[in-house]
Structure formats: C-alpha cells, structure tokens
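Subject: Structure for you to look at

Hello,

Here is the structure I said I would pass on. My notes follow below it.

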Amino acid sequence: MQAADEFNAGCGCDGTRFRVEGTPLMRLFCHCTLCQAFNKAPYADITVFRGRDVTMPSPGTVHYQTLRPPPAVQRGTCSECGKPAVEFMHLGPLPKFVFVPTANLRDPMQVPKPSLHMFYNRRVADINDDLPKVSGYLKSQLVSIRMLIGALMRRR
C-alpha cells in the first residue's frame, strides 16, 4: 500500500486514491448522454493518460461498470461516495487508456488545456469557447482516437 502523500489523484472523499504519473495525452469535454448520466453533469471533463502511467486504485475501492459496449469503457465510481473516480478503455491493438475526471487530479501542473468538445450534438447548453466542437457518434470517436494516437506518437 502506498503512503498517503504518494497519491496525487482521487475522488473528493478520498475513499478512492491512486497515483498518476507521466504527461497526460489530452483533456477533453464529452457531452454524450452516458457521460452526462455517469457524471451527473452537462458533460464530462476528463484527462486521458496511458494505462502504464496510472497506478490504479486498490481493489474494492472502485465499483466498475460498462454502460454500453462498445466502446468498452469501464467507468468506475468510488465505493464510498459513489462519485466518478476513474475510467479505462482498451481497444484492440491500442494501449490501455485511463480517463481521470480532471477534478480528481490534485496537481494543477498535470491538468493540460482542453483539446475539444466531443458529442457536441448531445450538449444540454451551448459552450462559448474556441475549442473544436465535434458532433455525431462516428465523427466524435474518430477525431478523439486520431488525437490520442497523435499524442501517443509524440510521446515515443
């Protein structure tokens, strides 16, 4: 078990704590209805890391569920407070990706600027910023995967 000061990510109640290292691949805002329901918010603000850069929470501290396969995103809520804690996805030949709700990152230096809004057609309110706003299932998936692969290639 890690010492408490080694954890730099976790839910607000600290029932779920974990370690995130390395540079985030990207940050995005997802407006899909699953993210809205899971986060109980108009959209999800998530920061994406390579799986190898995250020491996942201890077993039993997170309750994982698949809301809709595919994509096979495992969405995890804290077993104590029930709030979003961490999510992960592994698609075929791509590496495992870990999605951390940006609010769960305790080090502001790990929070990159956001890259895009995806599933913008599902938004509950317009967002007034200069980020790309991608609509539709296929286009949202393709743009975000292309950006992730680009970020992976730059990290090599």
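Tyr137 is partly exposed, at a relative accessible area of 37%. This is a predicted model. Phe119 is buried, with a relative accessibility of 8%.

The structure has three aromatic pairs. Another of them joins Tyr64 and Phe88; it is edge-to-face, with 5.4 Å between centres and 70° between planes. Tyr64 sits in strand β6 and Phe88 in strand β8, 24 residues apart. Both count as partly exposed: Tyr64 has a relative accessible area of 30%, and Phe88 has 22%.

Arg75 lies over the face of Phe38, 5.9 Å from the ring centre. The charged end of Lys133 is over the ring of Tyr120, at 5.8 Å from its centre.

In soluble globular proteins, nonpolar side chains tend to be buried together. The largest nonpolar core here holds 22 residues, and those touching the most other members are Leu25, Leu28, Cys30, Val48, Phe97 and Leu116. Elements giving two or more residues to this core are β3, β4, β9, β10 and α2. Helix α2 gives the largest share, four residues.

What does Val48 touch, leaving aside residues up to four places away in sequence? Its contacts include Pro24, Leu25, Phe97 and Leu148.

Regards

Terms used: Residues are numbered from 1 along each chain as its sequence is written. This is a predicted model: local features need pLDDT of at least 70, side-chain atom pairs count only at pLDDT 80 or more; totals for chains, interfaces and linings use all residues. Side-chain values use heavy atoms; hydrogens and water are left out. A nonpolar core is a set of buried Ala, Val, Leu, Ile, Met, Phe, Trp, Tyr and Cys residues joined through side-chain atoms within 4.5 Å. Buried means under 20% relative accessible area, exposed over 50%, partly exposed in between (1.4 Å probe, protein chains only). Contact means heavy atoms within 4.5 Å. Rings of Phe, Tyr and Trp (its six-membered ring) pair if their centres lie within 6.5 Å; planes under 30 degrees apart count as stacked, over 60 as edge-to-face and the rest as tilted. A charge sits over a ring if NZ of Lys or CZ of Arg is within 6 Å of the ring centre and within 35 degrees of the ring normal.
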